[in-house]
Amino acid sequence: MRNKLQKFTEFSQTLLPHETQYLLSVQNLEDTVRLEILKQVDFNSRQIKQFTPYDPGIDKRKYSHLKNWIQSRLREIDVDEQFEWIIDMERKVTTDAILPSEEKLLLRAIRQYKPPLFFFSKFYELLQIYRHFLLIRLRYADHQLVHEFLERFRDAYEQSKRLNEQLHQATRDITQQYSDNSAESIQWEQWLTRIFYDEKLDGYTRYMAFVRLTFISFNYRKLDLLPEKFQMLDQILLQGKFYSKRILLNYYHLRMLLHARLRETDQAVYYGNLAIRGKTHDYLFYVNNLSAVLLRAGRAQEALVVMRAASGEMRETKNFYNKIGFVAFYVKSLLYNELYKNAESYAETFLKAYEKEILQYRWHTFFTAYLEAMVRQQNYPKILKVAEKYRLLEKERKHESRADYIPSILWYTSVAQYKEGLIEKSVLRQKFEHYLISSRQDPQRPQVIELLTELRPLVPEVLNPIPFSPNNP
């Protein structure tokens with residue numbers, strides 16, 4: 001009986017809560033049975049670990065009809081589908097391959113246009129090409145329609161192009177601050193906020209502004225910037241605006257990051273699991289961040305399951321930032337499941353294969369996990385050997401200015417130096433005490449305390465006299 005509804009079940013498990021809520025809000029189903037199935041689909045979409053099976057006694061055709069209806073309704077509002085249509089029309093107009101039936105749809109889209117379209121700029125550029133296509137063929141009436149559209153929305157298009165250039169500059173400052181702390185980005189906060197709230201602007205520009213605002217908030221630990229904006233965007237998405245599965249998954253991922261920073265772990269894990277329900281270009285990035293949240297929450301078995309499910313994507317990706325991040329968190333998930341030798345072996349094998357890429361992209365993330373694997377096995381000589389070979393302490397000093405800096409590598413190597421008799425107990429204790437005093441107002445302090453708690457069993461004679469605890473940092 002289970003196989004009878006297997007295709008529908010698999011399809012329903014890809015649906016997201018905002019999709020099913022939107023469908024319920026617009027449905028006018030006269031068939032009460034199909035409506036009840038849709039309500040169950042909505043219920044199941046909100047569950048992460050639980051699933052209520054569908055009734056196999058219901059006519060299978062009702063499930064098939066409902067599936068087609070769901071796909072049709074979501075396709076109608078999918079901005080990525082709209083983008084694909086615009087690109088297809090542009091190609092056909094440019095190559096003189098557009099059919100009369102396709103032109104009819106394009107002309108109707110112009111007549112029925114209600115601003116702002118999500119990908120407005122791209123649609124405008126399509127019509128610029130189409131205007132040439134019409135004029136050379138002496139189609140004056142259609143040319144006049146397109147020309148009037150282009151004139152009416154010229155200012156909006158030029159504004160959109162200007163905003164796009166400014167967004168690029170803002171993005172450069174934001175990413176440079178995140179990667180090496182070589183720029184400031186707080187100066188963009190008010191401007192981006194105005195862009196996000198401006199309902200006259202196209203959805204693409206507004207969503208771009210929203211994403212960049214979240215990064216500014218995270219960079220400066222100004223989390224109070226976000227809740228109202230998330231609430232507004234949540235309502236926009238529930239109305240079927242700005243919709244595509246890709247955008248929804250990204251929205252869930254950003255919510256996970258916000259809840260994680262607010263230490264609302266259950267909410268963070270919930271949205272993190274929603275974010276990996278579909279496999280987009282950023283799937284591996286979402287998996288890495290969800291795994292980090294799970295590990296911090298002490299849910300190491302869940303993290304290992306999530307990462308093993310994504311191992312195929314890790315092998316295939318050409319994005320070394322995500323690939324190295326995956327390996328680091330996978331090593332940590334092995335460690336927290338007490339698979340110490342497996343963790344060290346996995347890291348060592350990856351280092352041999354991708355040493356250049358690790359040093360270029362995410363050396364700190366990788367070596368933090370690799371050194372921790374050796375610390376867990378108390379392999380102190382090897383820690384010092386690796387640290388010296390890759391000049392980790394020298395690199396660490398340049399890394400200290402980052403907002404998210406945790407002295408993991410510094411302390412792992414310091415403990416190894418102490419254990420190997422290279423520094424005195426008083427020197428090691430002074431390092432810990434100095435950092436604790438200087439980091440009293442540091443937003444990263446809870447993670448610093450977690451690191452000290454991890455190290456305490458290794459050097460109790462050093463850390464026991466220092467007053468700190470996970471519950472009272």
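Predicted model: local features only at pLDDT ≥ 70, side-chain atom pairs only at ≥ 80, totals over all residues.

Modeller: Among the helices, α5 gives the most to the lining of the second largest pocket, with 4 residues.

Biologist: What makes a residue part of the lining of that pocket?

Modeller: A lining residue must have an atom within 4 Å of a point of the pocket. By this rule 28 residues line the second largest pocket, whose space is about 870 Å³, and those closest to its centre are Q82, K114, P116, L117 and F118. At least two lining residues come from each of α4 (60-77), α5 (79-94), α6 (100-111), α11 (203-220) and α12 (227-238). Sorted by class, the lining holds 15 nonpolar, 6 polar and 7 charged residues.

Biologist: Why is L138 called exposed?

Modeller: The label exposed needs over 50% relative accessible area, and L138 has 55%, so L138 is exposed. This residue lies in the loop between α7 (120-135) and α8 (140-152).

Biologist: What makes L135, L138 and Y140 a nonpolar patch?

Modeller: Patch residues need over 30% relative accessible area and no salt bridge, and nonpolar side chains are joined within 5 Å. L135, L138 and Y140 form such a patch on the surface, with about 340 Å² of accessible area together.

Biologist: What share of the protein chain is buried?

Modeller: Buried means under 20% relative accessible area, and 49% of the 473 residues in the protein chain are buried. The secondary structure of this chain comes to 26 helices and 0 strands.

Key. Residues numbered from 1 in each chain as written. Heavy atoms only, no water. 1 Å grid on protein atoms, 1.4 Å probe; cavity = no way out; pocket = protein on both sides within 12 Å on 5 of 7 lines; lining within 4 Å. Points joined across faces, edges and corners; volume = space filled by probe spheres on them. Nonpolar A, V, L, I, M, F, W, Y, C, P; charged D, E, K, R; others polar. Patch = residues over 30% accessible without salt bridge, like charges linked within 9 Å, V, L, I, M, F, W, Y side chains within 5 Å. Areas by Shrake-Rupley, 256 points an atom, 1.4 Å probe, with all protein chains shown as cover. Salt bridge = Lys/Arg side-chain N within 4 Å of Asp/Glu carboxyl O. Buried < 20%, exposed > 50% of the residue type's maximum accessible area, 1.4 Å probe, protein only.
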